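Dear colleague,

Please find below the structure I am handing over to you. My notes on what was found in it follow directly after.

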Amino acid sequence: MEEYVFDREAYERRVKWFQEARFGMFLHWGLYAIPARGEWVRSVERMPEEEYMKYFREFDPVDYDPRKWARAAKRAGMKYMVLTAKHHDGFCLFDSQYTDFKSTNTRCGRDLVAEFLDAARAEELKAGLYYSLLDWHHEDYPHCGDSIHPMRENPAYSDEGREFDRYLTYMHNQVRELCTNYGKLDILWFDFSYNELRGEAWKATELVRMARALQPDVIIDNRLEVSGEGFGSLAEGHPTPYHGDFVSPEQMIPPQGVQDVNGNDLVWEACITMNNNWGYHATDHFYKPASMLIRKLVECVSKGGNLLLNVGPDARGNFPDEAMERLEAIGKWMDKNSRSIYGCGKAVRRGQAVIEKPDYGRITAGNHRLYYHVFENTVGAVPLTGVKREEVEAIRYLATGAEIPTISDWVYSNYPDIVFAQLGGDPVLPDPVDTVIEVVLKE
């Protein structure tokens, strides 16, 4: 096989829109919405296939309207959406010719992926599909010998007679269907490698070459190589043919962003749940406040990354009320402040120096502007560290465009290298969640 040559120019062209978008919606949805105990319910409860099949016979999401989903995402300020076309249980939300375990064979009788992609595109959102490399339904996927299969401790489900190569052929065929039958895909989100099943165990070179031949502009995550642990071969400085276009930290935000072995920033996306489960969970009401989610979006951007925020629709196809409430609140903030998110990243000044995070919040930068995100008011004027007075063209509230005066009286004369923004006498911030100060720099 010919040696792989990493094409930096093509790579940067692929990921450009992704780095400008910064905010997307993840959607975990399938049969597991009916038991409503999370998407890993089969594995956690060691549920046999025959018991799980009752949900297949029942599945009929009568309220499914992906246009509502797409509008909710757009209203929240999201720029892209990613849906689970197949999760670990093996159930397909698309009309695959290679299995009967699919939405078109349920009472629903619909190709849910096709409808989702049409809806996202109609709202001018980028659209991607998640595809699980695992498959607890397929007869040739390891059962008793696997570390996470629902039947891992059941000797009645021996791996004797199972041929993993047959499963790989099936898996590759399904990815080919997704890349062929549904128009342009913006993201392929594979999940996930573990134990000895990583890289070429999935025939990853062949898989990615096929996907890129069919979808030359598609962005692919790094989970053909790693999962939550490790960053992948691009980060290690010797990219494989199946390197990820972006690193995918899960349920956490990297302390310093993500860099390769040479200290260069990598493209990354933190995938995070609103509550504590990806799939719908009827009793999990531990939802993060909208204020926290807004600030975590800002944190991701300030570290040069994206936020992929998850929603787990219920069995009827509706977003939980708690999720809708948070999406609405995020959308109201984004209506006035999205310019500090889209196309922004780390606040890099004077060559490669990054402005240190202020005690009161975060800083994002883009379009020859610095955005100071004030989460907590200061005593006295707000110090706009990292910028000199002679570099400043204007200082404004991003939400209203109102001018913010600076102050340099005797109290602040000890700090001649810092610009101080005077927000006025009210100790309560105009936006208690995140008041954004826009600093326009001179050309």
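A120 is buried, with a relative accessible area of 0%; the cut-off for that word is under 20%. Please bear in mind that the model is a predicted one. A120 lies in helix 5, which covers residues 112–122. Leaving aside neighbours within four places in sequence, A120 is in contact with A70, M81, L125 and A127. K68 is 52 residues away from A120 in sequence, yet their C-alpha atoms are 9.7 Å apart in space.

A second residue to look at is T364, which is part of strand 10 (residues 361–366). T364 also counts as buried, at 0% relative accessibility. Which side chain does the side chain of T364 join in a polar contact? The partner is H373, at 3.0 Å. Leaving aside neighbours within four places in sequence, the contacts of T364 include V298, V301, C344 and Y371.

Finally, I turn to a pair of helices. Helix 6 (residues 164–181) and helix 7 (residues 204–214) have axes that come within 9 Å and cross at roughly 15 degrees. Angles under 35 degrees count as roughly parallel, and the two helices are therefore roughly parallel to each other. The crossing of helix 6 and helix 7 is right-handed. Helix 6 contributes M171, H172, V175, R176, C179 and T180 to the contact, while helix 7 contributes E206, L207, M210, A211 and L214. By class, this contact has seven nonpolar, two polar and two charged residues.

With kind regards

Key:
Residues are numbered from 1 along each chain as its sequence is written. This is a predicted model: local features need pLDDT of at least 70, side-chain atom pairs count only at pLDDT 80 or more; totals for chains, interfaces and linings use all residues. Side-chain values use heavy atoms; hydrogens and water are left out. Axes are lines fitted to C-alpha atoms, for helices over the stretch in contact, and angles run from 0 to 180 degrees between N-to-C directions. Helices (H or I, at least four residues) and strands (E, at least two) are DSSP runs, numbered from the N terminus. Angles under 35 degrees count as roughly parallel, over 145 as roughly antiparallel, 65 to 115 as roughly perpendicular and the rest as oblique. A crossing is left-handed if the near helix is turned anticlockwise from the far one by less than a right angle, and right-handed if clockwise. Contact means heavy atoms within 4.5 Å. Ala, Val, Leu, Ile, Met, Phe, Trp, Tyr, Cys and Pro count as nonpolar, Asp, Glu, Lys and Arg as charged, and the others, Gly among them, as polar. Buried means under 20% relative accessible area, exposed over 50%, partly exposed in between (1.4 Å probe, protein chains only). A polar contact is a pair of N or O atoms within 3.5 Å; within protein, one must be able to donate a hydrogen and the other to accept it, and residues adjacent in sequence count only if both atoms are side-chain atoms.
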